[in-house]
Amino acid sequence: MSFRLRLSGRGKAPSDLTLRHDGIVFRADCLSNFYWIMSELQMRGPNQVRCVRKGMNTQVTEFGGRTFGKRRGRCTAPLLIMAGMSVTAVPAARADDYNDLLDLLRAKGSLTQSEYSMLHSRHVKHVREAERADDAARRGHSVRYQYVPRAPDTVDMEAEASAVRAEVAARSAEASMRSAEAEMRSASIVRVAKYVPGKGLTFHAGAIDINLSGFVNGFYSYNSPGRGAAVAGGISSGSSGFDNSGVRNGLLPAALITKISTTQEGVDMQVVFGMYPGLNNNKPGAFNANTGGSSVGLGTPGIDFRQVYFTAGNEKYGTFKIGRDIALFGSDAILNDMTLLGVGSPGTVTDPGNTSFGRIGFGYVYADWIPQISYTSPKFAGLQGSVGIFQPLDQYNYAGGGLSATSTNHNSPMVQAKATYDFKAGDFKGHIWTGLFIQNSGPLSSARLGENSKTSRMAEAGEVGAKLDWRDFQAVAYYYYGSGLGTTGLLFDGIADNGRKRNSEGYYLQLSYTIMKKLRLAGSYGQSNLYQAPGENTPSLVRRNESEVGALYYSVNDWLTLATEFAHSESAAHRPGRATDNTVSAGAMIFF
């Protein structure tokens, strides 16, 4: 900051003091006011003052103190001790010089129109501020301030213009970035959401989300039968008499699940397609891809298209589901079964099908994937309910030999319902559920009833289960009871050949402990019992299927899990007749 100080008159009280500061000229009639001006200007940064008196120069390097630098005269000391008032400002350059230079630079092309307008507006603003300050000074301290632009320098103007251009470029870049972000949110752009382990890959296409998830598994199983007699309706492989080994799926086949969801006018909607292919060759039969395998060359695996449905609703009013999906009764029993991550009881290893039995038929009846129209309520303090009508199923003679009645006509839908309660207290959390199943079956047919029987029966069943977690421990307990429900599968051997309903019940207990963060030990025991109907005498019919399973699971990472397990299975008839087998399995599965 450079000043020119002009002292007029002789002695300690000069009659005229003039100070120039960047184009602003101050004139004071006493040194006290002059010192006050310099004190104010000191706030603007390091200062250099040039003082002229009768040709003698003094360089002042400090305004606020009493020490001054190189002194060539005696004119500076009086600046700190004189007293007085009244300062007048005078112009040192014509105000229109600045505008003239702006016009010249614009004409030469050094300034764009926008840059010229910005600089000119700043100049006008400064002039107006100076005028307001001058008015305020007249009413207050009697100091009048007038903004007078110094004679402009072309280099300075071009530097300022460059700065303006840089500022404009920065604003343009920011606008471009915001425009790009807006484009990314456009419905025409497909974006990938952040990956969450176990939740699949999600793509956002405007208001639509597309999620792809799935899993693949494979196991080597070695099965050693304990021999014994075949049991009608039994699911142990003990009667085969030969050791068998194979590479196969576990209780889960592979899967590729596609979910397409959106929210429109407050309604959450989702469409789901779930394909579940197996590793082994398919052998078409009554159970389609789940009938069993075929170890013959040139075979191909089957695709179990289990899920084809859509949902519509919201958290406030609940959700409707229409299509094919897992049913309500028995669903929590299988979804909490540890053998979902392994093989469990294999059924057969000679010609593996899409899946093993796991614990199906050894503690619960398979829920199955059934066409349905169902409704699930919102959650109220952890409580939630579901109810639906389902495609009715046939009564099926799984035991063979004409031991069970069958049905193929359906005059009413299957009805299922389920209620759940979730809670948490400190390290303890739980999930409790109960469900029911109702379906009318008839007319029934069998060798004893004849083909034109008008007999029909109402199959009924109920269930209750709980899963409890405490720190590194988890326990699951489940129980069901049915009349006409059958065993292993829904309505398998549920009605005797005399047209009377068979009662059935089953349960399983399961306990697991996480030894360390990635290593988990689990074990379970379960059994399913099928009782004879009144007036029935079929000693070869299965009375009980039971199994014990122990497993060790190691999570390598979020995707990959290794598993090894041992399963002992047994099927017993109502009269002497029993089959047992032991199976060791080891393999891996990937979930994404």
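1. On the basis of the values: because the model is predicted, local features need pLDDT of at least 70 and side-chain atom pairs count only at pLDDT 80 or more, while totals for chains, interfaces and linings use all residues. Residues are numbered from 1 along each chain as its sequence is written, and side-chain values use heavy atoms, with hydrogens and water left out.

2. On the aromatic pairs: the whole structure holds 18 of them, where rings of Phe, Tyr and Trp (its six-membered ring) pair if their centres lie within 6.5 Å, and planes under 30 degrees apart count as stacked, over 60 as edge-to-face and the rest as tilted. Tyr276 and Trp369 make a tilted pair, with 5.8 Å from centre to centre and 40° between the planes. Tyr276 belongs to strand 12 (residues 267-281) and Trp369 to strand 15 (residues 369-376), so the pair ties together parts that are 93 residues apart in sequence; strands (E, at least two residues) and helices (H or I, at least four) are DSSP runs, numbered from the N terminus.

3. On a stacked pair: the ring centres of Trp433 and Tyr478 are 6.2 Å apart and their planes are at 20°, so this pair is stacked. Trp433 and Tyr478 are both buried, which is to say under 20% relative accessible area, with exposed meaning over 50% and partly exposed in between (1.4 Å probe, protein chains only). Ring pairs also join Trp433 and Tyr478 with Tyr364, Tyr480 and Tyr508 in a cluster.

4. On the nonpolar cores: such a core is a set of buried Ala, Val, Leu, Ile, Met, Phe, Trp, Tyr and Cys residues joined through side-chain atoms within 4.5 Å. The largest one has 35 residues, of which Ile334, Tyr364, Phe437, Tyr478, Leu485 and Leu490 touch the most other members. Strand 22 gives the most to this core, with 3 residues. Another core, of 10 residues, lies apart from it and includes Phe219, Ala522, Val549 and Met589.

5. On Leu541: this residue is found in the loop between strand 24 (519-530) and strand 25 (542-555), and Leu541 is buried, with a relative accessible area of 0%. Not counting residues up to four places away in sequence, Leu541 touches Val231, Ala232, Ala399, Arg502, Leu530, Glu536, Ala573 and His574, where contact means heavy atoms within 4.5 Å. The C-alpha atoms of Leu541 and Ala399 are separated by 7.0 Å, although the two residues are 142 residues apart along the chain.
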